[in-house]
Amino acid sequence: MAVSVFDLFKVGIGPSSSHTVGPMRAARLFALHLQSSQLLSRVARLECALYGSLGATGKGHGSDKAVILGLMGEQPDTVDVDTIAARIAALQTTHRLDLLGTQTLDFDPARDIVFFALKQLPLHANGLRFSAHDAAGALIEQRVYYSVGGGFVVSEDVAADGEKQKRIAPDTTVLPLPFHSGAELLELTRAHQLSIAGVMRSNEQHWRSDAEINRGLQHIWQVMQACVAHGCATEGELPGWLHVQRRAPKLYRTLSGAHGVALTDASALPMPPTPLSDPLQVIDWVNLFALAVNEENAAGGRVVTAPTNGAAGIIPAMLHYYTRFVPDASEAGVADFLLTAGAIGLLYKENASISGAEVGCQGEVGVACSMAAGALCAVIGGTPEQVENAAEIGMEHHLGLTCDPVGGLVQVPCIERNAIASVQALNAARMALHGDGRHIVSLDQVIKTMRDTGADMQTKYKETARGGLAVNIVEC
């Protein structure tokens, strides 16, 4: 299986790709497996056990709600986010679950969804075990799935290949221009006189036409814009016991001067004034775009996994910067941005990880910064060598970044971290653009270093809420 740019950029819901999107997909896969195996009619009771990082921080990430929705047959990209709270509340009251919408089971989340914070399944930190029982209580089916980051899900039978396949290792032989490293990618650009986006587009054409690629990328961009607009328009407090106040609406009003103006869609977002009264105000706008996305994500809203939900604000922030501050920005540039970012993301997906539970936040915010830096460099005139340099800079200065969400919520430090990394991506792109592409540390070397650093990192710093800020901030 080769990985597409549309696998990396998936429309879903917050607050987490690995802890919300992945479990929802896994639950639906199990339900569909029961259906295809002609077992659905025999099921009287279902159980789901969550292990490792899912067991430790799953409640704060809404993993239990995601499992329920997945068993109902919902998918992250199509579920109506405005109905989720009421549906979950109804189930908690009635204990009646509509399995795939075809039959009703007795289901008590407090009894049937179990969190094992201190136990981990062998292949990945994010494991789920689903069990189906008949009316007599006998086990009729059981399957294990792993949420391996970015909403990707693998089943135990697929993953158990003797090598503990923790990463999706794509079979790229089906693609016209396969690559497995940054060096191979650069060589392809030289041999075929293509940009990195051009190489990626050639491979995407294995699945879909140019027109379909463009429509798909434009849809991703439209969802990102709508997410920013909704984040700028929505006041109030984020869900959870931290009582975090949304900052994007106030910052939006300050920057735009649009006091009292309510935003309803992406088109309402203003173009920043030119010239800016303060040259550094561009940083404020970049911060705004990132904060708006990640506050939406923390609230369980509609976001694009880019490449994860915890890091979903960085690529949209850079795309908004590109379309609003770069004079010759275009729809073609937006497509090239996403294709370039996708190519960089695939290198991390194949050669390291994009799972905070596996390698810490360097695999989420660090990877997103690297993708955004390289993509921005490409669309503001960078050569493939400069793009590779920008991507390397974006990761090099995130090495060792821990994943330590306070209270198990994707709020502190996650929301602010996206804003900081967005500015860092902008800086990395510009720094690389002023060079000639030659540099000491290659992208391949920094990816390997990130992977090794993640392997050495203590478990308490990898999305378990047992280290760092997660234990030094007292919940109240």
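Modeller: Domain bounds here come from an automatic or database domain assignment. The model is predicted: local features need pLDDT of at least 70, side-chain atom pairs count only at pLDDT 80 or more, and totals for chains, interfaces and linings use all residues. Residues are numbered from 1 along each chain as its sequence is written, and side-chain values use heavy atoms, with hydrogens and water left out.

Biologist: Into which domains is the protein chain divided?

Modeller: Domain 1 covers 16-160 and domain 2 covers 175-461. Their C-alpha centres lie 30 Å apart.

Biologist: How many residues are in contact between domain 1 and domain 2?

Modeller: Contact means heavy atoms within 4.5 Å. Here 19 residues of domain 1 are in contact with 17 of domain 2.

Biologist: What is the area buried between domain 1 and domain 2?

Modeller: Buried area is the accessible area (1.4 Å probe) that two parts lose on being put together, summed over both. Here that is about 1,300 Å², with 55% from carbon and sulfur atoms.

Biologist: How many salt bridges are counted between domain 1 and domain 2?

Modeller: A salt bridge puts a side-chain nitrogen of Lys or Arg within 4 Å of a carboxyl oxygen of Asp or Glu. The count between these domains is zero.

Biologist: Is serine 353 buried or exposed?

Modeller: Buried means under 20% relative accessible area, exposed over 50%, partly exposed in between (1.4 Å probe, protein chains only). Serine 353 has 3%, so this residue is buried.
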